[in-house]
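Here is a short briefing to read alongside your model. Have the sequence and the 3D view to hand as you go.

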Amino acid sequence: MIDAYTETAFESFLHNTQEKLTKHCLKHGYNLHTLQAFSGRKYWKVILVDGWYRDQHTTYVFVRKSDGAILKAR
């Protein structure tokens, strides 16, 4: 069961990380990348979508819904 605090914290994490990613891309002249989240049973999967080739993406992190732990993607 997801509590409201964990869901709000996840949304905040996603928003703040996207802002930092956008600033980094603009500063270094990279194509803008975006983060997208997908909800599973136990985890949110966050992927990094290439700004130029929309069909190319990389798994960025997994976030455990029960406690908000951020897990590294291999």
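This is a predicted model: local features need pLDDT of at least 70, side-chain atom pairs count only at pLDDT 80 or more; totals for chains, interfaces and linings use all residues.

Residues are numbered from 1 along each chain as its sequence is written, and side-chain values use heavy atoms, leaving out hydrogens and water.

**Overall fold**
- The chain has 1 helix and 4 strands, taken as DSSP runs (H or I of at least four residues for helices, E of at least two for strands) numbered from the N terminus.
- From the N terminus, the order is α-β-β-β-β.
- The C-alpha atoms fill a box of roughly 40 × 20 × 20 Å along the principal axes.

**Nonpolar core**
- The largest nonpolar core has 10 residues, among them F10, W44 and V63; such a core is a set of buried Ala, Val, Leu, Ile, Met, Phe, Trp, Tyr and Cys residues joined through side-chain atoms within 4.5 Å.
- α1 (4–28), β2 (43–49) and β3 (57–64) each supply at least two of its residues, and α1 gives the most, with 4.
- Leaving aside neighbours within four places in sequence, L21 is in contact (heavy atoms within 4.5 Å) with H33, L35 and L48.

**Loop residue D50**
- D50 lies in the loop between β2 and β3.
- D50 counts as buried because its relative accessible area is 19%, and buried means under 20% (1.4 Å probe, protein chains only).
- Not counting residues up to four places away in sequence, D50 touches N31, L32, H33 and Q56.

**Burial**
- Of the 74 residues, 27% count as buried.

Note on methods:
Buried means under 20% relative accessible area, exposed over 50%, partly exposed in between (1.4 Å probe, protein chains only).
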